[in-house]
Amino acid sequence: MINLNLEIAQVGNPILRQQAQLVRDITDEKLQELIDTLLTTAMDAKGVGIAAPQVSQSYRLFVICSHPNPRYPDAPLIDPTVMINPQIISHSDEIVKGWEGCLSVPGVRGLVPRYQTITVEYLDRYGKLHQQELRDFVARIFQHELDHLDGILFIDRVEKSEDLVNSESSKESQKMS
Ligand code: ZN
């Protein structure tokens, strides 16, 4: 039995600040194992997404698993979706601020500006190309996860320090990934 639930890298770990590498061979056995690890870790941690650098693997892939929660009761329920070499190919002009948290930055939430609507492309775990329009909460998760692949954390994007709060006291704490 392989260890499916790896430790999650925490802020301060340099791996979270690296530019992650493009995935070149999707059929690679180790990559497929990493995908399984991400799926399991995201579900165990009750996150709505997780990116490979968070389990100390600096590759361009993440998992999104949106589900309704106290902060986003209308969040769509999406089966855990693996997105490999993801990119934003276009976006709305409209930017919205919303609360985010991160499994790699425990105890803190922040108000983060993100594009409201984005059109994205990614490969699935079988190498098939997908193009999709994402909006609102799911678009937010995608942008948060994509940032992880570029070494950016949500705390870098808050506009003022007042937009960072302690999440321990809040029931609405939202762990993004
Ligand atoms: Zn995160």
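Predicted model: local features only at pLDDT ≥ 70, side-chain atom pairs only at ≥ 80, totals over all residues.
Ser 90 is partly exposed, at 35% relative accessibility. Here buried means under 20% relative accessible area, exposed means over 50%, and partly exposed lies in between (1.4 Å probe, protein chains only). Ser 90 sits in strand 3.

Residues are numbered from 1 along each chain as its sequence is written, and side-chain values use heavy atoms, with hydrogens and water left out.

- Helices (H or I, at least four residues) and strands (E, at least two) are DSSP runs, numbered from the N terminus.
- Strand 6 covers residues 117–123. Six of its seven residues are buried, so the strand is largely enclosed by the rest of the structure.
- Two strands pair if DSSP finds at least two bridges between them.
- Strand 3 (residues 81–91) pairs with strand 6 in the antiparallel sense, over five bridges.
- Across this pairing, Gln 87 stands opposite Glu 121 of strand 6.
- Strand 6 is also joined to strand 7 (residues 129–135) by seven bridges, and these two strands run antiparallel.
- Thr 119 has Glu 133 in strand 7 as its bridge partner.
- Strands 6 and 7 form a hairpin, with five residues between them. In the turn, Gly 127 has a positive phi of about 90°.

**Salt bridges**

- A salt bridge is a side-chain nitrogen of Lys or Arg within 4 Å of a carboxyl oxygen of Asp or Glu.
- How many salt bridges does a search of the whole structure find? The search finds 11.
- Asp 156 forms a salt bridge with Arg 17, and their closest N and O atoms are 2.7 Å apart. This pair links distant parts of the chain, 139 residues apart. Asp 156 is in the loop between helix 2 (136–149) and strand 8 (164–166), while Arg 17 is in the segment before helix 1.
- Asp 156 is partly exposed, with a relative accessible area of 41%. Arg 17 is partly exposed too, with 42%.
- Lys 97 and Glu 159 meet through their side chains in a salt bridge of 2.9 Å, N to O. These residues are 62 apart and link distant parts of the chain. Lys 97 is in strand 4 (residues 95–102), and Glu 159 is in the loop between helix 2 and strand 8.
- Lys 97 is partly exposed, at 39% relative accessible area, whereas Glu 159 counts as exposed, at 54%.
- Glu 100 forms a salt bridge with Arg 140, with the closest N and O atoms 2.7 Å apart. Glu 100 lies in strand 4 and Arg 140 in helix 2, so the pair ties together parts that are 40 residues apart in sequence.
- Are Glu 100 and Arg 140 buried or exposed? Glu 100 is buried, with a relative accessible area of 0%. Arg 140 is buried, with 4%.
- A network of salt bridges links Glu 100, Arg 114, Arg 140, Asp 147 and Arg 157.

**A negative surface patch**

- Asp 25, Asp 28, Glu 29 and Glu 33 form a negative surface patch.
- Patches are made of residues with over 30% relative accessible area and no salt bridge; like charges are joined within 9 Å, and nonpolar side chains (Val, Leu, Ile, Met, Phe, Trp, Tyr) within 5 Å.
- Glu 29 lies in helix 1 (residues 29–44). Glu 29 is exposed, with a relative accessible area of 63%.

**Positive phi angles**

- Most residues other than glycine have a negative phi.
- Ser 56 is not a glycine, yet its phi is positive, near 65°. Ser 56 lies in the loop between strand 1 (49–51) and strand 2 (61–64). Ser 56 counts as partly exposed, at 34% relative accessibility.
- Asp 136, also a residue other than glycine, has a positive phi near 50°. Asp 136 is found in helix 2. Asp 136 is partly exposed, with a relative accessible area of 38%.

Technical notes. Areas by Shrake-Rupley, 256 points an atom, 1.4 Å probe, with all protein chains shown as cover. Lys, Arg positive; Asp, Glu negative; His and termini not counted. Charge placed at Lys NZ, Arg CZ, Asp CG, Glu CD.
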